[in-house]
Amino acid sequence: MLINNLNEIEDDRTKIMKYAQAKYFAEGFYKTSMDAIAAELQISKKTIYKYFATKNHLVEAVVHDTMRYMSSRLDEIVSSNQNAILKIISLLDFLSKSILRASDKWIIDIRDHMPALWNKIDKFRSKKMPVILSKIIEQGKKEDYIEDKQTEIIITIFISSIRAIVNPVFLSEHKLILHEIMPVTFEILLKGILIEKGIELFYKSFPAESGKTLG
């Protein structure tokens, strides 16, 4: 009986958090009330507060769950048996899909209304991505797909570029949409590190519908 109750609690908590995640990613969280989430889930607001004391706690849960999932998926990509080019493709596909899920409203809300949480996200990217990129780059060098240039420099350029692009101020000032400019960013970055053999394999392996990258 206790196990069943624990499962029900976890299911309710997860259901609320996952729904809020989808809604926040699409519409932002600042103007999304707990009343709206309760009504759309057809539960009482009291049920939400049973698991999340405030809206900020719910937003934090969404962010932490997202970071846990991203960390796990990135580890899967880098530890797979694929060659470096296929890992790059898997990485680009995953990051692109992740970016498509997150609207500019969500990013701006985090930056403007929960700056401490925004800093956590930035630290996560700063710590996780260098490790992932370093392993893929070193593998690519050994396979003769990537230029033999200093890995630290390549990583710094990649991280700095992504941080600059995934920035609410930059997007707002230049009236840009994140998912539209990411392919251009990746194109510029990849052209700087892949040798001819790597570019050829990239073209052969990358999905046809995404063929504009590196074009």
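Ser 90 sits in helix H5 (residues 84–101); helices here are DSSP runs of H or I with at least four residues, strands are runs of E with at least two, and both are numbered from the N terminus. The model is predicted, so local features need pLDDT of at least 70 and side-chain atom pairs count only at pLDDT 80 or more, while totals for chains, interfaces and linings use all residues. Residues are numbered from 1 along each chain as its sequence is written, and side-chain values use heavy atoms, with hydrogens and water left out.

Ser 90 counts as buried because its relative accessibility is 17%; buried means under 20% relative accessible area, exposed over 50%, and partly exposed in between, with a 1.4 Å probe and protein chains only. Leaving aside residues up to four places away in sequence, Ser 90 touches Ile 77 and Gln 82, a contact being heavy atoms within 4.5 Å. The C-alpha atoms of Ser 90 and Ile 77 are 6.8 Å apart, with 13 residues of separation in sequence.

Across the protein chain there are 11 helices and 0 strands. Of its 215 residues, 43% count as buried. Among contacts between residues at least 6 apart in sequence, 70% join residues at least 24 apart.

In the largest nonpolar core, which has 63 residues, Tyr 24, Ile 88, Trp 106 and Ile 110 touch the most other members. Helix H4 (residues 55–78) gives the most to this core, with 10 residues. Such a core is a set of buried Ala, Val, Leu, Ile, Met, Phe, Trp, Tyr and Cys residues joined through side-chain atoms within 4.5 Å. Apart from residues up to four places away in sequence, the contacts of Tyr 24 include Phe 29, Leu 58, Val 62 and Trp 106.

The count of salt bridges comes to 11, where a salt bridge is a side-chain nitrogen of Lys or Arg within 4 Å of a carboxyl oxygen of Asp or Glu.

| Salt bridge | Closest N and O atoms |
|---|---|
| Lys 23 and Glu 27 | 3.1 Å |
| Asp 93 and Lys 97 | 3.3 Å |
| Arg 111 and Asp 112 | 2.3 Å |

Lys 23 and Glu 27 both belong to helix H1 (residues 2–27), 4 residues apart, about one turn of the helix. Lys 23 is buried, at 11% relative accessible area, whereas Glu 27 is partly exposed, at 42%. Asp 93 and Lys 97 are likewise 4 residues apart, both in helix H5, and Asp 93 is partly exposed at 38% relative accessibility.
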